[in-house]
Protein chains: 2
Amino acid sequence: MITADIISIGDELLIGQVVNTNAAWMAAFLNRYGINARQMHTISDSKEEIVSAVSTSLKNSDIVLATGGLGPTKDDITKHVLADYFGCKGWFTHQPSLENLQVMLAKGGVAIGEQNRKQADLPDGCIPILNRLGTAPGMWFEQSGKVLVAMPGVPYEMKGIMEDIMPMLQQHFSLDSIVHKTMLTYGIPESMLAERIANWEDQLPKYLKLAYLPSPETGVRLRLSAYGGNHEQLEKEIEDLFRKLEPILGSSIYGWGEESLESAIGKLLKDRNQSVSTAESCTGGKIASLITRIAGSSAYYKGSIVAYDNSVKQQMLGVKEERLAKYGAVSQQVVEEMAKGVKEALQTDYAIATSGIAGPDGGTAEKPVGTVWIAIATPTKIICRKQQLTNGREHIITRSSATALNMLRLAILEEL
Amino acid sequence: MITADIISIGDELLIGQVVNTNAAWMAAFLNRYGINARQMHTISDSKEEIVSAVSTSLKNSDIVLATGGLGPTKDDITKHVLADYFGCKGWFTHQPSLENLQVMLAKGGVAIGEQNRKQADLPDGCIPILNRLGTAPGMWFEQSGKVLVAMPGVPYEMKGIMEDIMPMLQQHFSLDSIVHKTMLTYGIPESMLAERIANWEDQLPKYLKLAYLPSPETGVRLRLSAYGGNHEQLEKEIEDLFRKLEPILGSSIYGWGEESLESAIGKLLKDRNQSVSTAESCTGGKIASLITRIAGSSAYYKGSIVAYDNSVKQQMLGVKEERLAKYGAVSQQVVEEMAKGVKEALQTDYAIATSGIAGPDGGTAEKPVGTVWIAIATPTKIICRKQQLTNGREHIITRSSATALNMLRLAILEEL
């Protein structure tokens, strides 16, 4: 199997100022083409570390993908270190990159400066990779049949270059097949899920590998993988095995692979030609922003009233002042009125409403931080649940947003 | 200087299904205590890889922090591999972890099962670290004065354990000081910034290191670092140096360190006892969700009308039907009415409105995908700008949300 090491270069990663989203994207992308990310390494902008990581990775993997340190500024040293490492004797100006640079800068109304112009200079012996979406080109080096590609760390520039080099990698290597399938579940904690499917898991054939992937946003995903072998046959076998879980897990299963709760809901609503709106207090627009992440969501999503202030709850959602006074904003009574209110105001078939205390302040003995009420208005009724969440503001917002989306999904399926 | 290697264990990371946010958080946390994250490694749930990574990292760094593979399920092998690696001869049940496990499970209404109970069993020779926020305890191993701590991969559980072990690490090692300061700028592209401050950069003393950290969310951050030396003196020197950039960069500087555009706005509004509301079309709740990420934002943020559908723009924001028909939803005329409309409806001092085409569909020759109009309503006027963005739906939403927040900031400062 062809393997790749991913090397992310940048002090900003090692002091934790930037989360390395590149490595995950690259790994998922490679995987789709049957290239196995063996390891990922994050190292600093230092000559010794770059040289040591590159030589180790070129020893252990067929492909080494390095990002970062190719910009126009003085802390960007990757290009020169690699030129030395591969023993390049001189430099050349890559004309397409220089022209691209001029066009890109002109778009931003910027004249080309000396520092920028140097980005088009590349070491002899590398194959230049035009950076369609940015100014610093990528570089393809070869050593004893192995390949190292260096590219910028800016995520969308890296993605463009990865797409462009994939046909070259496919040609250079003969690629093994990997079969993966991931089943998505929400609402059953990992350990309970493991106990429920223990018998099924024990009967899995040895050449299949099962992984549990829990997260607050997605619930627990179950992944079955097989390496090599007959692609079609394995796919069918994995599918048949997952099918056996359907009677055990029922409507906790919300999708497959890259799906999300918000995309699953989108499909359900589109199929039914129905619509949804949201009224958010403690989730503060998070649910709206999840739903609208999906391209085409305007077909079923009308909008949200983010009613952070109680005056907005009254004025825009018709929540009565005496209810707010009597029960408080974080209550079944108020969240139900919010759901009803937004459903009527925006004229949708369904509505989600949330009201809770995300913290760190605002909790009381009766309603501690993490108390979140969620209501779903359907064409015929209102369903309401209280969540008692912990682990900080961000987690409370994330988790209650996901739970609200899952409740809507179950309500549409009439399983709530 | 005391250094740490971070090892993230999990196949889910290597196929890119999960982004490694843990490593960044750990690095930033260590940094605050003067521990330097030397390298980060992501490896698979395999015995050989865990052993090889652990032994290499224990050779190169003083501390090794490993996350992942401690759960109750069968793909979680880290505990047994480490027990072997450190030559542990037997196992013991850690009573506090067992009790914690029972309490945690009881909260979720779950009885303890055999698989769960095993989580409290730990190898002889390790110091158990209670996991306050989850079920799998951490483990502290020592080898020739060096320390390895293994902990679960669930982010909030890992964070709790990191906080708990820091006093132990402080006691075990004598820690060098690191001085960092980061200046935050928005609105000047990286290469232009580099040219503007080139003279300043050339005059930096050799023992200070400058890094450019660009991102769509935060603009370009500039970080100066110094290792060792006199902490207070270096801090003052770095501050004085940054101060020299103020006349050059002016109001492009929006903050320092961990600040964000949304927290900077929060401070400005709180200081002035003023408020803001938002009316979002293409950003779909993203701006609301950024503003409400800040604890205490309810003091100045009233809410948002996410007007995804044109009917909501008319009904809730008072945008006139003939304007929508004549100019289209993505136009200066409509976005200005949206800003005015939400400012009046929610009775705030300021308002942000966005309307654009996030794509991938919906673009025309005249208004291609990435066309975004942003309006800021202030107590006295309306300011409107058109953005022409590229690089995909997510980037367009992210970038226009950040630009809208920055426009609000400049408007409050009367610099727009």
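Student: Which residues in H12(B) are buried?

Tutor: This is a predicted model, and in it Leu261(B), Glu262(B), Ala264(B), Ile265(B), Gly266(B) and Leu269(B) are buried in that helix.

Student: What covers the buried residues of H12(B)?

Tutor: The cover includes two strands of chain B, S12 (253-256) and S13 (276-280). Helices H13 (286-291) and H17 (393-412) of chain B are also among the covering elements.

Student: How does the span of H12(B) agree with 1.5 Å a residue?

Tutor: H12(B) runs over residues 261-272, twelve residues, so it should span 16 Å. Its end C-alpha atoms are 17 Å apart, which agrees.

Student: And what comes just after H12(B)?

Tutor: Asn273(B), which takes a positive phi of about 55°.

Student: Switching topic. Where is Gln388(B), in which strand?

Tutor: Strand S17 of chain B, residues 382-388, holds Gln388(B).

Student: Is Gln388(B) buried or exposed, and why?

Tutor: Gln388(B) is exposed, because it has 11 other C-beta atoms within 10 Å and the cut-off for exposed is 12 or fewer.

Student: Which residues does Gln388(B) touch?

Tutor: Leaving out residues up to four places away in sequence, Gln388(B) touches Gly370(B) and Thr371(B).

Student: What separates the C-alpha atoms of Gln388(B) and Gly285(B)?

Tutor: That separation is 20 Å, for two residues 103 apart along the chain.

Student: Over to chain A. What domains is chain A divided into?

Tutor: Chain A has domain 1 (3-172), domain 2 (178-256) and domain 3 (265-412). The C-alpha centres of domain 1 and domain 3 of chain A lie 44 Å apart.

How values were computed
Residues numbered from 1 in each chain as written. Chains lettered and ligands numbered in written order. Predicted model: local features only at pLDDT ≥ 70, side-chain atom pairs only at ≥ 80, totals over all residues. Helix = DSSP H or I, 4+ residues; strand = E, 2+ residues; numbered from the N terminus. Buried ≥ 20, exposed ≤ 12 C-beta atoms within 10 Å, placed from the backbone. Contact = placed C-beta atoms within 7 Å. Domains from an automatic or database assignment. Expected span 1.5 Å × (residues − 1).
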